Every structure is written in structure tokens, then in C-alpha cells.
Amino acid sequence: DNNFTRSNDVLANHIVGLSYNQTLFNGKMSNLFFVKDYINYLMVTQKDDYWVSGSDKVDKKSTKSYWGYGAAIRYTLLEELALKASYEHSVRLPLGNELLGNGTTVLPNLRLKPESSENFNLGFFGSAKSGGSHLFNYEANAFIRDASDYVRLVISERDGLSQYENVTSVNVKGLEGEFSYNYSDMLRFMANCSWQDARDMNKYKEDGKASITYKNKLPNRPWLFSNAEVDFYFRDLFGSDDKLRVGYHYQYVHWFYLTWEAYGLLDGKS
């Protein structure tokens, strides 16, 4: 490409954190408080296809700082039951390939903003033993993510190229659970399932017109998936201390739209 201009773009992300841990009631309660400073340094020299990358709209050299903080609590009622809850104001700095592209299939977007979110989590977990040979473990969680400038990959089906962009407001809520069973270190079974409902919460587009994707699920993102596996262990078959594992692993991902569900006819959607 004779029109290509070599560039020397630099991206550096630094995260500095401070945390305080607290244990109360003979270890039954555990608290965590933390604060983080997300520092982003970007130097841009590229000028190629500036109307695509937005290189003409950003400072050639910039250092920006974003603060995050949160708290978590865990309380053990019994060995079979413990509760946990947490809150975090989180920041996710864009990665190199999200900002600068990969030179082939992912186009750069230097206007990309860091993603921030208010995260709430509530769950319970525990374990139980029976007869000395049976061990059960379980965990279940519910969560809410109220995200601003959510980063998502937009794919052009026409030419196969893609570019990361910000979605101003996204709400994600979900449930997840896992169960496992072990028998005398001979049999292990595990199953989990996750449901995530991520929706666009922008009522209006940049031009002030109503957005037809308001409350649509985010496209190209699985929202229901699960895993299961069962393993059998055989020991000392051919010599001391050897182990043979025979297992079956299963994964399920439910169908999801590749583009906004409000676009196009139902029969012709990808």
C-alpha cells in the first residue's frame, strides 16, 4: 500500500490500588474496602484514514486518570451456608486492539472512551459432606451492572471488518449458579448456568431522534449459556501413583442475534 504511513502509537495503562481487609466475629465475617486509580497514557501519530479512526479528533499525547472504589462483605452462617455482597464503581480501560485495531480486520477507534459501571452483587455459597466420601459444593449469584460508555465490537457483514464503539448507557442484570459433587476422589460432577440480560438504555440517538434499539438486547453477545462435566478417576492401574481420567464435557450456548433485534425482518435476521 503506497499510501500507507507508518505510525508509532503508544498505549500504556497503569492501575494502582489500595485495599483494607477486616475480619470479625472469630473469622465469620470478612470485609474488604478498596480504591483504585486507573491511569491511561496515549500517544497518537497515525494519520491514515483519520475519518475512520478519529485521529484528528483526539490529542496527540494525553494522560488521563479515573478513580474506582468498592466494598465487599462475606458472612459465614454455617459451613453449609455463607452470604456475600459487594459494590464497585469500576473502570475498564480500552485495550490496545480496541483503540488501535489489529491492522487487518479490526479498524482503530481513537475516540473510544473508558467503560465505567456501577456493579452490585449478591450471592450465597456453601459445602456439605456426607459419610466421609461425599462432598457437595454450590454457589449462586445475582448481579446488576449499570454501565456507561459500554465497549462493544461492531461487525460489518458486508466487508467483514469490525470496529469497537461505545454505547452510552447499558444495563446488565443476571443470575449464575454452579453445583459440584465429588465422591471419594473417584468421581467428580459439575454443572453451571449463566443468564445475562444486557440491554441498550439509550432512549435517543445523538441527533435527538428516538432510538429504535432502546431496551434491545446487545447484539453479538450470548445471554444464556451453561457447562457440565463428569470425570472418573482410576489410580494405580499400571504402577504406583499413576492416575487415569476419563471424562465427558458439555457446553451449551443459546442462539442470539448478531445485529440489533430491532433491525430488519424477523425471517431474515442473522
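Residues are numbered from 1 along each chain as its sequence is written, and side-chain values rest on heavy atoms, with hydrogens and water left out. Because the model is predicted, local features need pLDDT of at least 70 and side-chain atom pairs count only at pLDDT 80 or more, while totals for chains, interfaces and linings use all residues.

The structure holds 7 aromatic pairs, where rings of Phe, Tyr and Trp (its six-membered ring) pair if their centres lie within 6.5 Å, and planes under 30 degrees apart count as stacked, over 60 as edge-to-face and the rest as tilted. Tyr69 and Tyr87 make a tilted pair, because their ring centres are 6.4 Å apart and their planes stand at 50°. This pair links distant parts of the chain, with Tyr69 in strand S3 (residues 61–78) and Tyr87 in strand S4 (residues 81–92), 18 residues apart; strands (E, at least two residues) are DSSP runs, numbered from the N terminus. Tyr69 is partly exposed at 41% relative accessible area, and Tyr87 is partly exposed at 25%; here buried means under 20%, exposed over 50% and partly exposed in between (1.4 Å probe, protein chains only). Ring pairs join Tyr69, Tyr87 and Phe120 into a cluster.

Trp255 and Tyr257 form an edge-to-face pair, since their centres lie 5.2 Å apart with planes at 75°. Trp255 is exposed, with a relative accessible area of 52%. Over the face of Tyr257 lies Lys269, at 5.5 Å from the ring centre, and Lys217 lies over the face of Trp223, at 4.7 Å from the ring centre. A charge sits over a ring if NZ of Lys or CZ of Arg is within 6 Å of the ring centre and within 35 degrees of the ring normal.

Lys217 also belongs to a network of salt bridges that links Lys173, Asp197, Arg199 and Lys217. The whole structure has 12 salt bridges, each a side-chain nitrogen of Lys or Arg within 4 Å of a carboxyl oxygen of Asp or Glu. Between Arg199 and Asp197, the closest N and O atoms are 2.9 Å apart; Arg199 is partly exposed at 24% relative accessibility, whereas Asp197 is buried at 5%. Glu229 and Arg188 meet at 2.8 Å, N to O. Since Glu229 lies in strand S10 and Arg188 in strand S9 (residues 187–200), this bridge ties together parts that are 41 residues apart in sequence. Glu229 is buried at 18% relative accessibility.

The patch is formed by Phe232, Phe234, Leu237, Phe238, Leu244 and Val246, with about 620 Å² of accessible area together. Patches are made of residues with over 30% relative accessible area and no salt bridge, like charges being joined within 9 Å and nonpolar side chains (Val, Leu, Ile, Met, Phe, Trp, Tyr) within 5 Å; accessible areas come from the Shrake-Rupley method with a 1.4 Å probe, and for residues only the protein chains shown count as cover. Phe232, found in strand S10, is partly exposed at 41%.

In the loop between S10 and S11, Asp241 has a positive phi of about 65° although it is not a glycine. Asp241 is exposed at 75% relative accessibility.

Notes: Helix = DSSP H or I, 4+ residues; strand = E, 2+ residues; numbered from the N terminus.
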